[in-house]
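Please look at the sequence and the model first, then read the notes by topic.

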Amino acid sequence: MATLAPVEVDLRSCSEVFHRPVGDPDRTPRHTISEVSAASGLTTHTLRWYERIGLLDPVDRAVGGQRRYCDADLHRLAFLGRLRLTGMSVADMLRYVDMAREGERTYEGRRQLLETQREEVRQRIADLQATLAVLDYKIDLYAGRIADANGAPVQCQYHRAEEEQRA
């Protein structure tokens with residue numbers, strides 16, 4: 001009579017899967033909506049909405065009807081979270097997900113969508129860097145760290161107004 005060898009399963013926690021969505025995801029429905037909400041920072045309402053509008057595939061249910069998410073759902077949520085951070089609209093995220101469901105034949109369309117979004121992100125980064133430079137300049141000016149052409153500290157109008165009030 002043959003004996004079955006024990007099966008070793010390396011199940012990561014909901015939070016671990018969400019924060020490090022690497023490898024081939026386990027498709028066993030095992031994470032509750034509360035666990036996914038805590039790991040992702042999304043409300044349970046948002047998770048249900050994502051499923052309702054099609055950003056997530058229909059989520060499996062336990063015997064009592066409670067949602068059970070698998071690691072693949074967490075991988076998708078992590079990626080969608082990154083897309084939201086780029087400022088991508090929900091409509092474009094839906095376009096991406098719909099194309100992904102169609103398979104390899106949509107690689108070109110997905111690539112183009114992501115390249116367009118990447119360019120928008122790069123432009124926003126450039127705008128933020130320019131804004132940061134202005135802030136740094138003003139901070140240095142107010143701290144007296146800006147010098148004129150002769151090396152003398154430039155006094156900002158704020159400091160001049162204070163001196164005039166004291167005089």
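The model is predicted. The protein contains seven helices and three strands, and 26% of its 167 residues are buried.

**Overall make-up**

- Of the contacts in the protein with a separation of 6 or more, 48% are between residues 24 or more positions apart.

**Helices α4 and α5**

- How do the axes of α4 and α5 cross, and within what distance do they come? They come within 10 Å and cross at roughly 140 degrees.
- That angle makes α4 oblique to α5, because angles over 145 degrees are needed to count as roughly antiparallel.
- The crossing of these two helices, α4 and α5, is right-handed.
- On the α4 side, the contact is made by Arg-76, Phe-79, Leu-80, Leu-83 and Arg-84.
- On the α5 side, Val-90, Met-93, Tyr-96, Val-97 and Arg-101 make the contact.
- Sorted by class, the residues in the contact of α4 with α5 are seven nonpolar, three charged and no polar.

**Aromatic pairs**

- How many aromatic pairs does the structure hold? There are two.
- One of them joins Trp-49 and Tyr-50, with 5.8 Å centre to centre and 45 degrees between the planes, and is tilted.
- Tyr-50 has 7% relative accessibility, so Tyr-50 counts as buried.
- The pair of Phe-79 and Tyr-96 is also tilted, at 5.3 Å centre to centre and 50 degrees between the planes.
- This pair links distant parts of the chain: Phe-79 lies in helix α4 (residues 71-85) and Tyr-96 in helix α5 (residues 90-102), 17 residues apart.
- Phe-79 counts as partly exposed because its relative accessibility is 33%.
- Tyr-96 counts as buried because its relative accessibility is 14%.
- Both Phe-79 and Tyr-96 are also among the residues that make the contact of α4 with α5.

**Ile-33**

- Ile-33 is placed in helix α2, which covers residues 33-40.
- Is Ile-33 buried or exposed? Its relative accessible area is 14%, so Ile-33 is buried.
- Apart from residues up to four places away in sequence, Ile-33 touches Thr-44, Leu-47, Arg-48, Arg-67 and Tyr-69.
- Ile-33 and Gln-66 are 33 residues apart along the chain, and their C-alpha atoms are separated by 8.0 Å.

**Ala-147**

- Where is Ala-147 found? Ala-147 is in the loop between α6 (107-142) and α7 (157-166).
- With 46% relative accessibility, Ala-147 counts as partly exposed, because a residue has to be over 50% to count as exposed.
- Which residues does Ala-147 contact, leaving aside neighbours within four places in sequence? They are Ala-152, Pro-153 and Val-154.

Terms used: Residues numbered from 1 in each chain as written. Predicted model: local features only at pLDDT ≥ 70, side-chain atom pairs only at ≥ 80, totals over all residues. Heavy atoms only, no water. Phe/Tyr/Trp six-rings, centres within 6.5 Å; stacked < 30°, edge-to-face > 60°. Buried < 20%, exposed > 50% of the residue type's maximum accessible area, 1.4 Å probe, protein only. Helix = DSSP H or I, 4+ residues; strand = E, 2+ residues; numbered from the N terminus. Axes fitted to C-alpha atoms, helices over the stretch in contact; angles between N-to-C directions. Parallel < 35°, antiparallel > 145°, perpendicular 65-115°, else oblique. Left-handed = near helix turned anticlockwise from the far one by under 90°. Contact = heavy atoms within 4.5 Å. Nonpolar A, V, L, I, M, F, W, Y, C, P; charged D, E, K, R; others polar.
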